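Please look at the structure below and follow it along the chain, keeping the sequence at hand so that each place can be found as it is named.

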Amino acid sequence: MSKRSLAFLLTAAFLTACTAPGGEVVRTGASAERMTAPVLLTPDAKDVSSYARPEIARVTHVALELAADFAAKRMAGTATLDVAATGEDLVLDSKGLEISAITDAAGRPLQWALGGADEEKGSPLTIKLAGARKVRIAYRSAPNAEALQWLTPEQTAGKRQPFLFSQGQAILNRSWIPTQDSPGIRQTWEARITVPEPLTAVMSGLRLTPEGEAAGPGRRAFRFSMDKPVAPYLIAIAVGDLAFQSLGPRSGVYAEPATIQRAAAELVDTEKMIDAAEALYGPYRWGRYDMIVLPPAFPYGGMENPTLTFLTPTFIAGDRSLNGLVAHELAHSWSGNLVTNAVWPDSWLNEGITSYFENRIMEALYGTGRASQEATLSWADMEASFTELGRDAPGTRLHDPSGADSSGIVYDKGSVFLRTIERTVGRERFDRYLRSYFDRHAFQPMTSARFLADLRANLVRGDRAIEERLMLDQWVYQPGLPSNAARPDPQAFARVDTALAAFNGGGAASALPYSGWTTAERLRFLNALPRELSTARLQELDRTLGLTHSGNSEVLFAWLQLALANRYEPAVPAVERFLMSMGRRKFVAPLFETLMAEGDWGRRIAMRTYAKARPTYHSVTTGTVDRTMKGGSGS
């Protein structure tokens, strides 16, 4: 018997369940039936970012009873944890939590201790179970909890009510929920959240009381449930002045009233995307697919919280040209939410597979032309990461314990890997495999080693010729790009490249057919321009194409990067407005890096802008930009 097989059997015995591929319904006495997912105990599944010791005791269910206190910027109340254990010590993750009491289900106090604090991981919270299988923790989060961003009315679109949202990935939820904050320890959950009237709370689970219920003077309570085991980073909340608009029989969008109409118009293809995704890789297993468009401070493009994708308003372009973001977050309902990387060095299993899946959805809805162009841009992002990190650097491996976490590798090299498999074995065969993969491992954690073993068992099936052609181990464990990589269509941007060559040869900007180009084509042109251009040439482009005033955030970002690198003064007010208007790290961090690289000219702009903008950014964004500002302050 192999070590992997033995570990699986030990895990199954430890959980008293989990022999079914997608987890198993566990009966917990008088409580409702819930699915429990396996925990992997193999060395490759050891999560160094968590203090949890699931081989001794693991959390299976979390029940939250919390009040949102906007004045104090705290979530306060209780978390009741269901525990499966073979020993007496339950070790949780905690960061900044102020704990007042821990008891068993009967209210008897349990011994507990907080260990020393690590700047990134927080502290281990160790509880002596004394036979308890249900643990109740009374606590409150700190005002500066990293997962939570409390916005004043002035920081919202409507300017009338405050707003709260959470961002748990990768290890931030331990700052407001005491649990085992590891993607490999999946948990079901429920919550009752009280908020000030007239605010609405939404979470990443089934909304049991959409309109809320009375909860004392001036407050309302909202109840939620997630009966499928999820990675704890996917527990998410938003509270604010929210409106809802249906998009179809199983989808809709929440947003502030000032944003709801534009958001809904941008999302009209959502039901078609769900249908396309299901046609590719099987049923959508989460019930509803709703979205919420958050205030601009949200640090990511999107976050795939189950049943409630979080979206940045920067994807609203007015023409649905940036809705690939929605396809990406939807695809996570299979790769990332349904089957989840057990440890963060394997995050390509979430993001790389999802990026491939996203492109297939876009092809199904909008044709091979758009899909080919977006795949070509993705390839360019991968190449940019190779240039930045070094082609043979450890951080260019898909399985990357180094912590480089480059999106060009995790997302783009990962998707190229899957596209290479598709071209090697054929699309039809690969689609059958990938659908079966999601079926076999639904609601389970995954590692690179297990994924490769699954590929070999269910796709390669002993075919030595295919094994050699796929170069699987080289793709996952070696740096750089294997020689068999499936390259994008070289003609995807043929007409743009022709126009680019003419412009670089001295042609006029007015001769560019820019108005007829797609967003992908405009990005190809802007990103392929020489990095050094004269002020006169930049002025010509700006005046002719209206770049500084573009309403498309991706196009504006690409233009500002070029303009700042050439110290183009007319773009400075636009970059200051852009950096003050949103907190999306993808845009914010590189723009500050570019400014800080431009000597005294750029540093002055960066310093004065960041001093004003920093209080509006989420900790995810400030954590990155702080390092840039500190590193460049003395140079």
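Predicted model: local features only at pLDDT ≥ 70, side-chain atom pairs only at ≥ 80, totals over all residues.

Strand 11 (residues 163–166) is joined to strand 10 by 4 bridges, and the two strands run antiparallel. Within this pairing, Leu164 is the bridge partner of Trp150, while Ser166 is the bridge partner of Leu148. Towards strand 17 (residues 237–240) there are 2 bridges, and here too the strands run antiparallel; Phe165 stands opposite Ala238 in strand 17.

These pairings belong to an open sheet of 4 strands, whose order is 10-11-17-13 and whose pairing is antiparallel. Strand 10 (148–151) and strand 13 (200–203) each have a single partner strand, so they stand at the edges, and one side of each is left without a neighbour in the sheet. On average, and with direction ignored, neighbouring strands of this sheet are turned by 10 degrees against each other.

Another open sheet has 3 strands in the order 5-8-7, with antiparallel pairing. Its edges are strand 5 (89–94) and strand 7 (112–114), and because each has a single partner strand, one side of each is left without a neighbour in the sheet. Here the neighbouring strands are turned by 20 degrees against each other on average, direction ignored. Strand 7 is joined to strand 8 (residues 123–128) by 3 bridges, the two strands running antiparallel, and Ala113 has Thr126 in strand 8 as its bridge partner.

Most peptide bonds are trans, and most residues other than glycine have a negative phi. The peptide bond from Gln169 to Ala170, however, is cis, with omega near 5 degrees, and Ala170 has its place in the loop between strand 11 and strand 12 (187–196). Glu197 and Pro198 are also joined by a cis peptide bond, with omega about 5 degrees, and Pro198 is found in the loop between strand 12 and strand 13.

Arg320, although it is not a glycine, has a positive phi of about 65 degrees; Arg320 is placed in the loop between strand 22 (308–311) and helix 4 (324–331). Its relative accessibility is 34%, and Arg320 therefore counts as partly exposed. Arg461 is not a glycine either, yet has a positive phi of about 50 degrees, and Arg461 is found in the loop between helix 9 (448–460) and helix 10 (464–470).

Is Arg461 buried or exposed? With a relative accessible area of 63%, Arg461 is exposed, whereas Ser251, with a relative accessible area of 0%, is buried. Ser251 lies in strand 19 (residues 251–255), and among the residues that Ser251 touches, not counting those up to four places away in sequence, are Thr270, Ile274, Arg288 and Tyr289.

Finally, consider a pair of helices. Helix 5 (residues 348–366) and helix 8 (residues 427–440) pack at an angle of about 125 degrees, and their axes are 14 Å apart. The two helices are therefore oblique to each other, and their crossing is left-handed. From helix 5, Ile353, Tyr356, Arg360 and Glu363 meet Arg427, Phe430, Asp431, Leu434, Tyr437 and Phe438 in helix 8. Sorted by class, this contact of helix 5 with helix 8 has 6 nonpolar, no polar and 4 charged residues.

How values were computed: Residues numbered from 1 in each chain as written. Heavy atoms only, no water. Pairing = 2+ DSSP bridges. Axes fitted to C-alpha atoms, helices over the stretch in contact; angles between N-to-C directions. Buried < 20%, exposed > 50% of the residue type's maximum accessible area, 1.4 Å probe, protein only. Contact = heavy atoms within 4.5 Å. Parallel < 35°, antiparallel > 145°, perpendicular 65-115°, else oblique. Left-handed = near helix turned anticlockwise from the far one by under 90°. Nonpolar A, V, L, I, M, F, W, Y, C, P; charged D, E, K, R; others polar.
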